[in-house]
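Please consult the sequence and the structure while reading.

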Amino acid sequence: MKVLVVDDSAIMRKVIEQILEMLGHESVPATNGVDAFERLKEHEDVRLILLDWNMPEMNGIEFLRAIKERPRLAQIPVIMLTTESERRKMIEAIEAGAK
């Protein structure tokens with residue numbers, strides 16, 4: 001399975017990519033929401049998105065809301081990765097379409 005890994009931290013992307021590789025999955029790295037849109041154009045076979053919350057240019061929630069407005073992309077499950085612990089932030093992510 002091809003997984004889009006969206007995180008502005010190079011270290012986090014690398015760790016996640018290594019785990020996915022050990023599990024037999026292919027990862028596509030992106031540094032923020034804007035970059036992630038470009039990767040989705042290049043890799044139409046992405047089946048899962050692992051998405052950081054706090055990123056420059058376009059944060060995770062902005063990206064999530066934007067893909068949910070596009071029929072082809074809206075079907076891809078999104079898992080949010082964050083250090084955010086406020087309940088309202090978690091609710092916001094779920095309401096925006098995160099799993």
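The buried residues of helix H1 are Arg13, Ile16, Glu17 and Leu20, where buried denotes under 20% relative accessible area, exposed over 50%, and partly exposed the range in between (1.4 Å probe, protein chains only). They lie on the same side of H1, because the arc that they cover around the axis is only 105 degrees; this arc is that of the directions from the helix axis to the C-beta atoms. Their cover includes strands S1 (2-6), S2 (26-30), S3 (46-52) and S4 (78-81). Helices (H or I, at least four residues) and strands (E, at least two) are DSSP runs, numbered from the N terminus.

The model is a predicted one, in which local features need pLDDT of at least 70 and side-chain atom pairs count only at pLDDT 80 or more, while totals for chains, interfaces and linings use all residues. Residues are numbered from 1 along each chain as its sequence is written, and side-chain values use heavy atoms, with hydrogens and water left out.

H1 comprises 13 residues (10-22), which should span 18 Å at 1.5 Å a residue, and this agrees with the 18 Å between its end C-alpha atoms. The expected span is 1.5 Å times one less than the number of residues in the helix. After H1 comes glycine 24, with a positive phi near 90 degrees.

On the face of H1 turned away from its buried side are the exposed residues Ile11 and Met22. Ile11 and Met22 also belong to a nonpolar surface patch, together with Val15, Ile19 and Leu23, and the accessible area of the patch is about 550 Å². Such a patch consists of residues with over 30% relative accessible area and no salt bridge, nonpolar side chains (Val, Leu, Ile, Met, Phe, Trp, Tyr) being joined within 5 Å and like charges within 9 Å. A salt bridge is a side-chain nitrogen of Lys or Arg within 4 Å of a carboxyl oxygen of Asp or Glu. Areas are computed by the Shrake-Rupley method with a 1.4 Å probe; for residues, only the protein chains shown count as cover. Isoleucine 19, located in H1, counts as partly exposed because its relative accessibility is 42%.

Isoleucine 49 belongs to strand S3 and counts as buried because its relative accessibility is 0%. Not counting residues up to four places away in sequence, isoleucine 49 touches Leu4, Val6, Leu40, Phe63, Ile67, Ile76, Pro77, Val78 and Ile79, contact meaning heavy atoms within 4.5 Å.
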